[in-house]
Amino acid sequence: MEVLYLRILVTGSTGQLGSALLSQLKDCNYQVKITSRSKPEGIGDFKWVYSDLLSGEGLDEAVKDVDVIIYAATSPTKKSKTIEVTGFENFLSKVEHIQHFIYPSIVGIEEIPFKYYRLKCEAERLLKNSNIPYTIARATQFHSFVENLLLSKPFFNRYVIPGKINFQSVDVSEFAGYLIDLVNKGPQGKVEDFCGPEKLTLKEMAELKIKINNETNHVLSIPLAGKLYKSLIEGKNTNSMNKIGEITFEEYLRNKLV
Ligand SMILES: NC(=O)c1ccc[n+]([C@@H]2O[C@H](COP(=O)([O-])OP(=O)(O)OC[C@H]3O[C@@H](n4cnc5c(N)ncnc54)[C@H](OP(=O)(O)O)[C@@H]3O)[C@@H](O)[C@H]2O)c1
């Protein structure tokens with residue numbers, strides 16, 4: 001007898017979240033299609049389709065014959081307005097037939113004055129106002145994102161950083177698992193924030209990295225002016241009521257050494 005599997009499309013399949021989704025979906029009984037502009041490696045039986053949210057090329061092929069979409073495509077810096085809002089709206093217009101649209105978003109976006117976050121709010125609003133059954137799941141920053149963006153390059157043996165800002169970062173693999181669990185639960189509307197197990201200042205995170213990697217670097221904490229900096233010091237990007245993720249930043253760093 002033929003078994004009919006739920007057909008899932010993952011967009012942004014080469015990204016941090018997309019890659020984590022792919023490795024976990026390999027163990028699931030779903031028929032998985034993935035899309036991005038570049039083709040990820042080691043995709044096994046998954047069908048990859050080229051698509052570009054900017055030009056619209058390949059989108060019809062990508063969304064054809066799918067039941068559930070996990071939308072992990074994003075472009076925070078390049079052509080962000082076109083991709084996060086106009087391109088997203090165009091994408092939504094093509095998927096009114098689907099059963100469930102899962103949209104990962106970010107904790108605190110309406111309270112943090114940052115252009116990309118304003119665009120994420122706009123995208124959430126577009127999805128809520130559509131007729132598409134959806135789940136919006138917001139997470140805090142990924143451990144890897146904080147490390148790569150702010151702690152990747154010491155400058156003359158110093159991490160020069162705005163040390164007072166806070167993160168409650170989360171492991172991307174745990175968030176990916178949470179999104180995959182949502183596939184079975186069906187559309188939930190907006191679900192509770194998915195946040196990491198502890199809140200740390202960026203200075204504390206840098207000190208952990210130095211300790212765990214036995215680095216000779218130091219931390220030079222600098223103050224920054226402005227509303228964005230203030231909102232991150234106040235921890236608007238965190239939610240201490242929702243410590244759902246279990247892997248700490250320290251464990252994430254240690255896991256990278258094994
Ligand atoms: N990073 C974080 O800390 C964090 C925290 C919470 C929530 N989120 C959310 O999680 C989602 C994924 O974030 P991420 O950090 O995994 O992003 P990412 O690593 O930057 O990956 C972005 C993905 O989007 C694809 N993409 C970029 N431009 C595209 C275009 N024009 N057309 C089609 N695909 C395009 C990229 O693939 P190609 O370049 O190959 O096309 C890539 O696969 C986003 O919604 C983000 O807001 C992120």
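**View 1. The residues nearest the ligand.** Thr14, Leu17, Ser38, Tyr116 and Lys120 come nearest among the 27 residues around the ligand. A residue counts as near if one of its heavy atoms lies within 4 Å. The model is predicted: local features need pLDDT of at least 70, side-chain atom pairs count only at pLDDT 80 or more, and totals for chains, interfaces and linings use all residues. Residues are numbered from 1 along each chain as its sequence is written, and side-chain values use heavy atoms, with hydrogens and water left out.

View 2. Glycine 15 places a backbone N or O atom 2.9 Å from an oxygen atom of the ligand. For glycine 12, the distance from such a backbone atom to a ligand oxygen is 3.1 Å. Threonine 74 also has a backbone N or O atom 3.1 Å from a ligand oxygen. The protein covers 89% of the 890 Å² of accessible area that the ligand has on its own (Shrake-Rupley method, 1.4 Å probe).

**View 3. The make-up of the shell.** The shell around the ligand holds 12 nonpolar, 12 polar and three charged residues. Here Gly counts as polar, and Asp, Glu, Lys and Arg as charged.

**View 4. The largest nonpolar core.** This core has 30 residues; Ile8, Leu17, Leu21, Leu25, Phe175, Tyr178 and Leu179 touch the most other members. A nonpolar core joins buried residues (under 20% relative accessible area, 1.4 Å probe, protein chains only) through side-chain atoms within 4.5 Å. Its largest share, eight residues, comes from α6, a helix (DSSP run of H or I, at least four residues). Another core, of 26 residues, lies apart from it and includes Val66, Leu119, Ala123 and Ile136.

Technical notes:
Polar contact = N/O pair within 3.5 Å; in protein donor to acceptor, adjacent residues only side chain to side chain. Buried < 20%, exposed > 50% of the residue type's maximum accessible area, 1.4 Å probe, protein only. Helix = DSSP H or I, 4+ residues; strand = E, 2+ residues; numbered from the N terminus.
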